[in-house]
Amino acid sequence: MTKWIYTFGGGKAEGNAGMKNLLGGKGANLAEMSGLGLDVPPGFTITTEVCNYASSHDGVYPDGLSEEFGRAMGRVEAIIGAKFGDPENPLLVSVRSGARASMPGMMDTVLNLGLNDKTVEGLARASGDKRFAYDSYRRFIQMYGDVVLGVDHHLFEDLLEDHKQGKGYSLDTDLDGDAMQGLVGAYKALVEEELGRSFPEDPEEQLWGAIGAVFSSWNNRRAVTYRMLHGIPGDWGTAVNVQAMVFGNMGEDCATGVCFTRNPSTGKNAFYGEYLTNAQGEDVVAGIRTPHPLSKAEKAANRSDLDSLEETMPGLYAELLGVRDALERHYLDMQDMEFTIQQGRLWLLQTRTGKRTAKAALKMAVDMCVEGLIGKSEALMRVDPASLDQLLHPTLDPKAPRMILAKGLPASPGAASGRAVFSSADAEAWAESGEKVVLVRAETSPEDIGGMHVAEGILTTRGGMTSHAAVVARGMGTPCVSGAGSITVDVDAKTMRAFDKTVREGDVITLDGSTGEVMQGEVPMIRPELSGDFGALMVWADETRTLSVRANAETPADAETARKFGAEGIGLCRTEHMFFDPERIIHMREMIVAENEAQRRAALDKLLPYQRQDFEELFTIMEGNPVTIRLLDPPLHEFLPHDEAGLEKVAEAAGADLKGVRQRAAALHETNPMLGHRGCRLGITYPEIYEMQARAIFQAACAVSQKGLRVEPEIMIPLIADKREFDVLKAVVDATACRVAEETGVSVDYALGTMIELPRAALRAGEIAESAEFFSFGTNDLTQTTYGLSRDDAGDFIQIYHDKGVFETNPFATFDVLGVGELVRIAVERGRATRPGMKLGICGEHGGDPASIHFFREVGLDYVSCSPYRVPIARLAAAQAALGGESETND
Ligand code: PEP
Ligand code: MG
């Protein structure tokens with residue numbers, strides 16, 4: 001028989017952490033914590049199977065559920081020593097969702113359930129605090145009214161404001177027991193008015209209502225959007241956790257807080273968190289009161305003058321520190337915990353693997369490995385390669401002048417500039433039209449998720465480091481400043497005021513999520529240096545990976561960056577990029593409009609010294625690592641000016657007649673240039689171009705090797721479809737090598753290979769490998785030609801393909817393993833069958849995509865080559881590929 005309910009608490013549990021699919025993350029962890037002997041309020045988890053059963057049976061629950069429910073409830077009552085619905089000594093419970101993956105703020109929760117007009121009196125007597133009892137009751141009515149009955153929570157908040165104003169109070173805590181009782185009456189009247197029926201008094205009815213609402217919240221709009229954004233399947237379902245309530249708001253000896261075993265923003269190995277005395281859990285994250293720091297160290301670091309828990313309740317702080325150590329030793333990862341102190345007793349409400357910034361993930365992985373908690377392989381798997389991008393991203397230039405508008409909390413690191421917008425919808429609209437935006441809100445809620453997703457940065461005027469804005473922004477890797485209290489936002493006027501400055505919608509502001517500063521206008525940014533933890537992780541990655549990582553680079557600056565990031569050579573030097581310099585382009589154009597070979601050679605002679613110089617620099621920077629130089633690839637019209645004035649200049653420089661130049665430019669026009677006169681086809685028709693390039697490469701190689709440096713040139717021919725094309729060009733290159741060797745008296749070793757970027761080349765790879773010494777997969781063109789999808793024009797409709805579920809990912813960004821991958825596999829097999837052990841690499845954009853790198857390793861390539869800033873990402877992804885897994889993405 002299926003078991004539908006699992007109990008926990010009282011030092012025992014029926015479940016454990018391994019049962020996330022059935023119990024949800026929260027339920028599994030509550031069970032695991034109880035099993036560890038920690039003080040967890042007792043309760044039980046109704047499984048995800050019940051959610052799925054109910055959604056496929058019109059909301060009807062499975063047989064046997066209610067018997068199990070009765071037994072589980074009885075157990076909770078026995079442990080707590082109170083009875084659900086008992087007017088004298090009532091047990092109150094919380095009802096919360098808990099899916100397999102954490103979905104912060106996406107699902108619904110009801111607290112203080114079990115209160116009614118009778119039990120509230122019992123609670124008042126038991127606690128000796130009428131105000132507390134009625135405050136709990138009115139919170140319950142509000143939450144239940146909102147989540148279960150669908151009464152807008154703003155209506156309750158308006159009533160609360162009316163009550164406070166009526167009595168001339170500004171804080172909720174100013175309202176006494178009688179005032180709270182009055183508010184309860186008003187709340188109940190509101191429910192009756194809105195729904196035409198009274199608020200349910202029967203605790204059993206309340207409980208089943210809440211359970212039903214949590215189950216159906218799995219399919220509410222917010223949850224569905226979150227699942228879409230994070231790729232969570234709808235059929236996972238959610239579990240429901242019913243748990244005895246403990247109270248952090250029963251007086252000054254009570255508190256509630258959120259803490260992380262290490263700092264989730266910096267990764268520092270220091271206990272980190274926030275708490276409030278005399279408060280309920282939601283108060284800490286809701287941003288209504290400013291939370292206090294947990295420790296004295298944190299208080300000092302934040303220059304806060306609020307009392308820390310270490311000062312106000314030293315004994316309980318020490319106990320909490322013990323729990324922190326026990327949890328980290330048990331879970332071997334940073335935990336995000338929630339706790340409540342009820343009348344001097346510490347209760348643990350939750351623990352889960354904490355979300356962290358990329359910077360923190362890196363530091364924790366390295367620290368935990370050094371501390372001996374985890375091994376190197378595990379440390380490597382703990383960091384999401386794509387997230388390293390955040391660390392490689394700019395920070396504000398410390399020397400740049402800045403006009404500071406306000407300072408808030410450094411909630412999610414990194415710097416961002418963009419146009420200020422004041423609603424999620426406006427953020428989406430501006431972003432849609434291509435603008436960068438910073439979303440400014442008093443505080444964010446799950447409804448803002450769409451706007452937060454498109455924003456470069458997020459600024460809130462209320463809320464702490466664990467506010468919704470802070471948690472979600474850190475998860476997304478978006479810079480965020482929270483709680484900038486000196487700013488006032490006028491949502492209707494779409495403005496914000498900071499001191500005497502007004503920022504209107506569309507004005508540019510800059511945030512520094514690492515310091516909390518908010519600045520007017522755009523502040524220049526700089527690229528970060530990478531060392532320390534980053535360097536350590538990279539060393540481990542290099543020890544682990546089997547794939548080499550090279551860079552696509554043609555300028556000395558890019559080549560140096562690539563080396564600094566650990567590139568083991570250049571996998572693609574696109575020589576055409578070297579011709580766009582104003583001094584050079586003119587000779588290039590002369591060459592293009594030349595009327596005969598002699599004229600073309602004359603122009604090429606002028607380009608030769610430039611190319612030679614470029615290659616000398618690249619060989620020198622690469623210090624003996626391979627440098628793969630691709631001969632000219634793009635169609636020639638790309639180099640010509642598009643206007644008449646430009647053509648006149650070309651004519652003048654070439655000493656040619658303008659009419660002839662115009663005709664030549666017109667003749668170069670092609671309907672399908674990407675399938676036209678480009679790549680090796682240029683080399684076949686104008687061998688002197690490739691000859692000049694080969695001469696420049698060999699002369700440079702000779703010059704550098706004569707200085708005593710090692711050089712390893714690899715010459716690569718683009719867009720080969722047939723072995724005969726390759727052979728014609730091989731003859732040109734080899735002959736040039738011989739000539740340069742004769743002229744200089746120095747001969748250098750070189751390899752001559754081809755790109756595989758056309759399906760025919762992949763299919764005929766066996767034959768091509770008879771002549772080509774290496775292959776480099778040009779997966780940009782190979783994707784374009786396999787799909788018949790223009791890489792330059794497809795952007796517009798790929799999004800629609802994605803929305804309609806035709807494409808899961810953009811095949812130009814994430815490699816298509818099934819289709820294009822099959823061609824790669826064929827080429828690898830056929831190429832190596834002809835030339836065993838031949839060197840194989842990839843230099844298309846996919847070379848820097850972590851998800852694609854797993855395939856390239858599996859298919860047997862020797863290296864990936866990507867843009868310099870992706871080199872560290874590729875090194876880590878290659879290590880993870882070697883370890884046979886993909887990283888945790890922290891969801
Ligand atoms: C490719 O086609 O994948 C490639 C690397 O060449 P390019 O992007 O220059 O066409
Ligand atoms: Mg290409």
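## Metal site

Donors are N, O and S atoms within 2.8 Å of the metal (3.2 Å for Na, K and Ca); water is not among the atoms, so sites may look incomplete. In this predicted model, Glu-757 (OE) and Asp-781 (OD) coordinate the magnesium ion (ligand 2) at 2.0 to 2.1 Å. The pair links distant parts of the chain, 24 residues apart. Glu-757 sits in the loop between strand 31 (751-756) and helix 29 (759-763), and Asp-781 in helix 31.

Glu-757 is buried, at 2% relative accessibility. Asp-781 is buried too, with a relative accessible area of 4%. Buried means under 20% relative accessible area, with a 1.4 Å probe and protein chains only.

## Polar contacts of ligand 1

A polar contact is a pair of N or O atoms within 3.5 Å. The side chain of Arg-791 places an N or O atom 2.6 Å from an oxygen atom of ligand 1. A polar backbone atom of Asp-781 lies 2.9 Å from a ligand 1 oxygen. For a backbone N or O atom of Gly-778, the distance is 3.3 Å. The protein covers 96% of the 290 Å² of accessible area that ligand 1 has on its own (Shrake-Rupley method, 1.4 Å probe).

## Shell of ligand 1

The shell of ligand 1 holds 13 residues, with a heavy atom within 4 Å as the cut-off. Arg-574 and Asn-780 are among the closest. Helix 31 (779-787) and strand 28 (570-574) each supply at least two shell residues. Helix 31 gives the largest share, 3 residues.

## Basis

Residues are numbered from 1 along each chain as written, and chains are lettered from A and ligands numbered from 1 in written order. Local features need pLDDT of at least 70, side-chain atom pairs count only at pLDDT 80 or more, and totals for chains, interfaces and linings use all residues, while side-chain values use heavy atoms, without hydrogens and water.

Methods: A polar contact is a pair of N or O atoms within 3.5 Å; within protein, one must be able to donate a hydrogen and the other to accept it, and residues adjacent in sequence count only if both atoms are side-chain atoms. Helices (H or I, at least four residues) and strands (E, at least two) are DSSP runs, numbered from the N terminus. Buried means under 20% relative accessible area, exposed over 50%, partly exposed in between (1.4 Å probe, protein chains only).
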